[in-house]
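Please open the model in your viewer and keep the selection tool at hand. This tour goes stop by stop.

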Amino acid sequence: MSDPQRIRSSPFSLILRILALVLILAPTVFWIFTGGHVGFSKDRVEIPQVDPITQIEYVDYEERFVLGVEYLALAYGLGVTSFGLSFVFRQKAK
Amino acid sequence: MQTVKTLLLASASLCICSLSLQAEVKSYDFEDPKGVNNVSFLLDAPLESISGNAKGVSGIVTFDSTNPEAVSGTITIETASLTATNNKLQEHMLGKGWLDAASYPEISFVAKSVSKVEELKDGFKAQLTGDFTLKGVAKELTVPVTFTYLPRMLGKRSNGAMEGDLLVLRSTFTINRSDYGIKPGQNSDKVAEEVELRLAIAGAAPDA
């Protein structure tokens, strides 16, 4: 009965896996930190206001970037691809 | 002699009466340096609704607080003042394919007649008919409008710089973008055909 050939990860595959982890974790943390907006990214944020005399409701804009789900999806896609590629660069143990 | 006196008195009181009635008719300027006057838009899209705001409002409306049916005037919105929360979306919206702000710099409503006037505590509610022009296409629309008359409130709003009256107009109505040649029948899966417009503007009539 022969031993099955052991397969071990190459340094490059390890780098790809770390990259995949970063690509998934970093945008998620940033997304949560900027408010967890479930929608497309915003370049400015609406601040609702009310005029005290006329009672007219209006908005002022604050120039602030809010990460949207399209960037999350892109980052997750790249992360999964990177993780998948890491299996291509495995080495057979001698 | 008595008849002449009576006639004089009658004509004098008639003059005073007509003057006081005349005084109720005022022109309200809707140019707003405070940036409060706004028209917001809202339309459905698959992931989230698209909304934004326009603050480039101007125009003159003549309003008689004792006879709201005699209202007339024009409200204009600077197309380039339409603002969305996403730069790319705003660029597309004002671009040639959609509103083409460079070729059609103004959106306007010209009031023609008022009907179904209902008196409210501090103003009137009515149906206002006029020509709404968007992207160079004018269509007659009848929209619900609330007129809130705020006499002697301009001084408070301008921190005493001017005295006079304020008139607040509020209206919410829906238009169909295809009616105005905005990608008719196209992109309906991404952007709804119906666009809701909400207008809340205040005009000032300073004392002469």
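**Before you start**

This is a predicted model: local features need pLDDT of at least 70, side-chain atom pairs count only at pLDDT 80 or more, and totals for chains, interfaces and linings use all residues. Residues are numbered from 1 along each chain as its sequence is written, chains are lettered from A and ligands numbered from 1 in the order in which they are written, and side-chain values use heavy atoms, with hydrogens and water left out.

**Stop 1: the interface**

Show chain A and chain B together. The contact (heavy atoms within 4.5 Å) draws 20 residues from chain A and 27 residues from chain B. The size of an interface is often given as the accessible area lost when the parts come together. Here the buried area is about 1,800 Å², with 56% of it from carbon and sulfur atoms. Buried area is the accessible area (1.4 Å probe) that two parts lose on being put together, summed over both.

Now select Arg44(A), Ile53(A) and Ile56(A). In chain A these lose the most area to chain B, together 34% of what that side buries.

**Stop 2: links across the interface**

How many salt bridges cross between chain A and chain B? The rule finds 2. A salt bridge is a side-chain nitrogen of Lys or Arg within 4 Å of a carboxyl oxygen of Asp or Glu. Select Arg157(B) and Asp51(A): their side chains meet in a salt bridge, 3.6 Å from N to O.

On the side of chain A that touches chain B, strand E3 (residues 57-62) of chain A gives the most, with 5 residues. Helices (H or I, at least four residues) and strands (E, at least two) are DSSP runs, numbered from the N terminus.

**Stop 3: the hairpin in chain A**

E2(A) and E3(A) pair in the antiparallel sense over 6 bridges; strands pair if DSSP finds at least two bridges between them. Gln49(A) stands opposite Tyr58(A) in E3(A). The two strands form a hairpin with 6 residues between them. In the turn, Gln55(A) has a positive phi of about 65 degrees.

**Stop 4: Gly39(A)**

Select Gly39(A), in the loop between helix H1 (11-33) and E2 of chain A. Is Gly39(A) buried or exposed? It counts as buried, because its relative accessibility is 0%. Buried means under 20% relative accessible area, exposed over 50%, partly exposed in between (1.4 Å probe, protein chains only). Leaving aside neighbours within four places in sequence, Gly39(A) is in contact with Gly68(A), Val69(A), Glu70(A), Leu47(B) and Glu48(B).

**Stop 5: salt bridges within the chains**

Over all chains, the structure holds 14 salt bridges.

- Arg64(A) and Glu62(A): their side chains meet at 3.0 Å, N to O, in a salt bridge. Arg64(A) is partly exposed at 37%, and Glu62(A) is partly exposed at 35%.
- Lys88(B) and Glu91(B): the closest N and O atoms of this salt bridge are 4.0 Å apart. About one helical turn separates them, because they are 3 residues apart in helix H2 (residues 87-94) of chain B.

Salt bridges that share partners join Lys26(B), Arg152(B), Asp165(B) and Asp207(B) into one network.
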